[in-house]
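This briefing is meant for a reader who meets the structure for the first time. It begins with the chain as a whole and then turns to single elements and residues.

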Amino acid sequence: MPQVNPIVINRPKPYLLHAEWEDGFKATISLETFRKNCPCAECTGEKIGDVVYSKPKPVKFEPGVFEITDLRTVGNYAVNPVWKNGHDTGIYTWEKFRKIFEDNQLSKEEAEKLNNQLKDDKRNIGFNIIS
């Protein structure tokens, strides 16, 4: 199956990430979900063969942990978010990125509930990586 790349990635709200793909699939997820799915070795652990070099570390709640300050493309195959708390080692391949959106897309009701809970959030949303 050929890789399907996103054609739009943006933040409609400070706590949401939206993406659209070449094949017409569109979805919105929370930044918390995106962060909790970080594929880096620190977050998922590091194992080669039977040797465990590090165990997965749970996402520690701290200021900025779910706030993106930048979302950079990595070649033609991935994105790399920079989180406000300094975490920047996760490289999400387009395949991983798509899977996260497919598995965690917010329904209209869930998005509306988040909007109502966070209606006073005035943080700068600041980027459209692809559009």
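Accessible areas come from the Shrake-Rupley method with a 1.4 Å probe. On that basis, the accessible surface of the chain comes to about 8200 Å², of which 49% belongs to carbon and sulfur atoms. The model described here is a predicted one, and the values below are computed from it.

**The chain as a whole**

- The secondary structure of the chain consists of four helices and nine strands, and, read from the N terminus, these elements follow the order β-β-β-α-α-β-β-β-β-β-α-α-β.
- The radius of gyration is 15 Å, close to the 14 Å that the globule rule gives for 131 residues, so the chain is as compact as a globular protein of that length.
- The C-alpha trace spans about 45 × 40 × 25 Å along its principal axes, and 38% of the 131 residues count as buried.
- When contacts between residues at least 6 apart in sequence are considered, 48% of them join residues that are at least 24 apart.

**The hairpin of β1 and β2**

- Strands β1 and β2 form a hairpin with five residues between them, and the two strands pair in the antiparallel sense over four bridges.
- Within this pairing, N10 has H18 in β2 as its bridge partner.
- Strand β1 is mostly covered, since four of its five residues are buried.

- The side chain of R11 reaches the backbone oxygen of I68 at 2.7 Å.
- R11 and K55, which are 44 residues apart in sequence, are 31 Å apart in space, taken from C-alpha to C-alpha.

**T28, in strand β3**

- T28 has its place in strand β3, which covers residues 26-30, and counts as buried because its relative accessibility is 18%, where the cut-off for buried is under 20%.
- The side chain of T28 makes a polar contact of 2.8 Å with the side chain of H18, the residue that is also the bridge partner of N10.
- Leaving aside residues up to four places away in sequence, T28 touches L16, L17, H18, F101, N104, Q105 and L106.

**Helix α3**

- In helix α3, which runs over residues 94-104, the residues W94, F97, R98, I100 and F101 are buried.
- Seen down the axis of α3, these buried residues fall within an arc of 160 degrees, so they line one face of the helix.
- An α-helix has 3.6 residues a turn, so residues three or four places apart point the same way.

Definitions and conventions. Residues are numbered from 1 along each chain as its sequence is written. This is a predicted model: local features need pLDDT of at least 70, side-chain atom pairs count only at pLDDT 80 or more; totals for chains, interfaces and linings use all residues. Side-chain values use heavy atoms; hydrogens and water are left out. Buried means under 20% relative accessible area, exposed over 50%, partly exposed in between (1.4 Å probe, protein chains only). The arc is that of the directions from the helix axis to the C-beta atoms. A polar contact is a pair of N or O atoms within 3.5 Å; within protein, one must be able to donate a hydrogen and the other to accept it, and residues adjacent in sequence count only if both atoms are side-chain atoms. Contact means heavy atoms within 4.5 Å. Two strands pair if DSSP finds at least two bridges between them. The radius of gyration is taken over C-alpha atoms; the globule rule is 2.2 Å times the number of residues to the power 0.38.
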